[in-house]
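Here are my notes on this model, as numbered points. Please read them with the structure open.

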Amino acid sequence: MPLLDALWRVDVPFDARRFLEVPAPLRAGARAELTSWVAETIETLRANAAWTESPGELALRLEGQARLLSSDALAAFLYCPRGLPADALVEVFVGASEASELADVPVENSVALPQRTSEVTSATLGIGRAIAAVTAMPDGALVGQLRYQFLSRGVLVEVCATSADLSALGAGMPRFEELASGIVVEIEGASAA
């Protein structure tokens, strides 16, 4: 996705009780900083009551989850409604688009199983689409993905939530849609409409 120029301001409000933001420098490969962040996070947040592994295993899982997040995302989160580790990985991508409407933006169809598309609405971004898909991995595991896409004033906003726990992904759907539809994109210096 082409980058936005400096005239645009993007705000991604999120519920810190459910979404743990992973700062961009940590997603860019700063291993020592990531390890330190994981240790601090484990001290601060509670583990999921169902987690039975050692604290060391929790640290490894959390670090592995954070490493899966794209350094190209404007924002990235671990979705932790029940505590650590995350139930889903959530990434926000924002970029310039020459499309005049969302229908002109192709839907990637790289999944092995059927996908479902539905309409979603954002007070700040207008009408968008939600794409639910499940991919069968070579080892037989299933990975689900929910993508929310909006096109507003030449800016394409995409929020991707991914998880191997399909029930957690389904249960989180209202929260992911809330996150996606709350994103604000505006030109610097312009007041919100």
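1. First, a term for the points below. Buried means under 20% relative accessible area, exposed means over 50%, and partly exposed is in between (1.4 Å probe, protein chains only). By that scale Arg-17 counts as exposed, because its relative accessibility is 65%.

2. On the source: this is a predicted model, where local features need pLDDT of at least 70, side-chain atom pairs count only at pLDDT 80 or more, and totals for chains, interfaces and linings use all residues. Residues are numbered from 1 along each chain as its sequence is written, and side-chain values use heavy atoms, with hydrogens and water left out.

3. Salt bridges come next. The term covers a side-chain nitrogen of Lys or Arg within 4 Å of a carboxyl oxygen of Asp or Glu. The structure holds eight of these salt bridges. Side chains of opposite charge can pair when their charged atoms come close.

4. Arg-17 bridges to Asp-15, at 2.9 Å from N to O. Asp-15 has 17% relative accessibility, so it counts as buried. A network of salt bridges links Asp-15, Arg-17 and Arg-18.

5. Which parts does the pair Arg-9 and Glu-186 tie together? Arg-9 sits in strand β1 (residues 8-11) and Glu-186 in strand β9 (residues 184-187), so the bridge joins parts 177 residues apart in sequence. Strands (E, at least two residues) and helices (H or I, at least four) are DSSP runs, numbered from the N terminus. The closest N and O atoms of Arg-9 and Glu-186 are 2.1 Å apart. Arg-9 is partly exposed at 31% relative accessibility, while Glu-186 is buried at 10%.

6. Helix α4 holds both Arg-175 and Glu-178, three residues apart, about one turn of the helix. They form a salt bridge, with the closest N and O atoms 3.8 Å apart. Arg-175 is partly exposed at 28%. Glu-178 is also partly exposed, at 46%.

7. Now the interior. A nonpolar core is a set of buried Ala, Val, Leu, Ile, Met, Phe, Trp, Tyr and Cys residues joined through side-chain atoms within 4.5 Å. The largest has 26 residues, and Val-90, Tyr-148 and Phe-176 touch the most other members. At least two residues of this core come from each of β3 (75-79), β4 (88-96), β7 (142-152), β8 (155-163) and α4 (166-181). Another core, of 17 residues, lies apart from it and includes Leu-26, Trp-51, Leu-78 and Cys-80.
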